[in-house]
Amino acid sequence: MYQLNEKIRELVPYQPIAGEYSIRLDANESFCMLPQEIEEKLLQACRQIAWNRYPDASCRELCQAFGDFYGVDPSLVTPGDGSDELLSILCNAFLMPGEVLMTAEPDFSMYRFYGSIAGAEIRCYPKPEGFAISVEDWIRQIQKEKARMVIFSNPCNPTGRGLSREDVRKLVRSVDALVVLDEAYMDFWDQSLLQEVCQYDNLIVLKTCSKALGMASLRLGFAVANPILTRALWAVKSPYNINSFTQAMGYVILREKQWAEKARKEILDARDGMVEALAEIEARFPEKLHCYPSCTNFVFMRVQESKRVFDNLLKKGIAVRHMGEYLRITVGTPAENKEFLQAFQDVL
Ligand SMILES: *Cc1c(COP(=O)(O)O)cnc(C)c1O
């Protein structure tokens, strides 16, 4: 009789919020729609695709466009089927079973998930009250656990808080582990280490098109690292992981820097408006909620009776993310945010 092995026996498929909700503030997507002229360019590019052929395995044009967009050498870039795939590849190929993967708690849950599938021992740095990390503490713990890999998001999903560039540099320099720095939300902040990957033998920076660039549908992410790590990544990933459609669409989008900058500003304005409005609500109901500062496109808050609030928002057609005693609210359009804020106050 066939039996599933221990490491996957208890796993259940990932289930995002199902059902139809008129306002989706649960997945940190961008609310910015593409202007018609960019949609036209996408359609144009779609018509050029050689559907019967395998994709360009080198992703030459795509990596060039990514390099131009972020000002990095394209030879240091590895594309993935979302940064999720890169996380999976990193855990499975760069860790041996039983080696220690260190992450933080709370942080993006996928790190533990891919780590445990790879058979790694998972250790977590428990973030203190308020979620501001003490880098010195964390470095000590990483050294003590003899971690082989450290993965964390900066700025952090779900807390919305960030570590300064200087703190991250200190961490990367002080540990023997490979540091996977997930900068999925760094487009909303200014402490990136993308430009300096070649100064370290142990740093991989992950980027994604799913958040600020508004292309979650495409499944496209990138790893940026020094030539040795980059070569290893290319050697272990599957050769045709980025299909021709995604390559073509990604190429178009990554050349729309002006639009991307406009969208980014719109999101940041909406975020600032949301933070301000929530601060007013918090001032009125200080015992019912506490909001944390955000350098991302979402706001994290502790909410009394968080499950009841979450369920009642869902009933009003508004999906947010429920995480224990916290809610994470993605910033939507000004109209969506207004509707959310009204519903939220009513429910409170
Ligand atoms: C959304 C998100 C990603 C992006 O994943 P993709 O697979 O590229 O869509 C990566 N890391 C974090 C922390 C995220 O929140």
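1. The protein chain falls into two domains: domain 1 comprises residues 6–30 + 258–347, and domain 2 comprises residues 36–255. The model under review is a predicted one.

2. How far apart are the centres of domain 1 and domain 2? Taken over C-alpha atoms, the two centres lie 24 Å from each other.

3. The contact between the domains may be described by residues and by area. On one side, 24 residues of domain 1 take part, and they are in contact with 28 residues of domain 2. The area buried between domain 1 and domain 2 is about 2100 Å². Carbon and sulfur atoms give 68% of this buried area.

4. Next come the specific interactions. One salt bridge is counted between domain 1 and domain 2. In a salt bridge, the side chain of Arg302 meets that of Glu129, with an N to O distance of 3.9 Å.

5. Which elements give two or more residues to the side of domain 1 that touches domain 2? They are helix 10 (257–284), strand 10 (298–303) and strand 13 (326–330). Helix 10 gives the most to this side, with five residues.

6. Sorted by class, the side of domain 1 that touches domain 2 holds 14 nonpolar residues, together with five polar and five charged ones.

Definitions and conventions
Residues are numbered from 1 along each chain as its sequence is written. This is a predicted model: local features need pLDDT of at least 70, side-chain atom pairs count only at pLDDT 80 or more; totals for chains, interfaces and linings use all residues. Side-chain values use heavy atoms; hydrogens and water are left out. Domain bounds come from an automatic or database domain assignment. Contact means heavy atoms within 4.5 Å. Buried area is the accessible area (1.4 Å probe) that two parts lose on being put together, summed over both. A salt bridge is a side-chain nitrogen of Lys or Arg within 4 Å of a carboxyl oxygen of Asp or Glu. Helices (H or I, at least four residues) and strands (E, at least two) are DSSP runs, numbered from the N terminus. Ala, Val, Leu, Ile, Met, Phe, Trp, Tyr, Cys and Pro count as nonpolar, Asp, Glu, Lys and Arg as charged, and the others, Gly among them, as polar.
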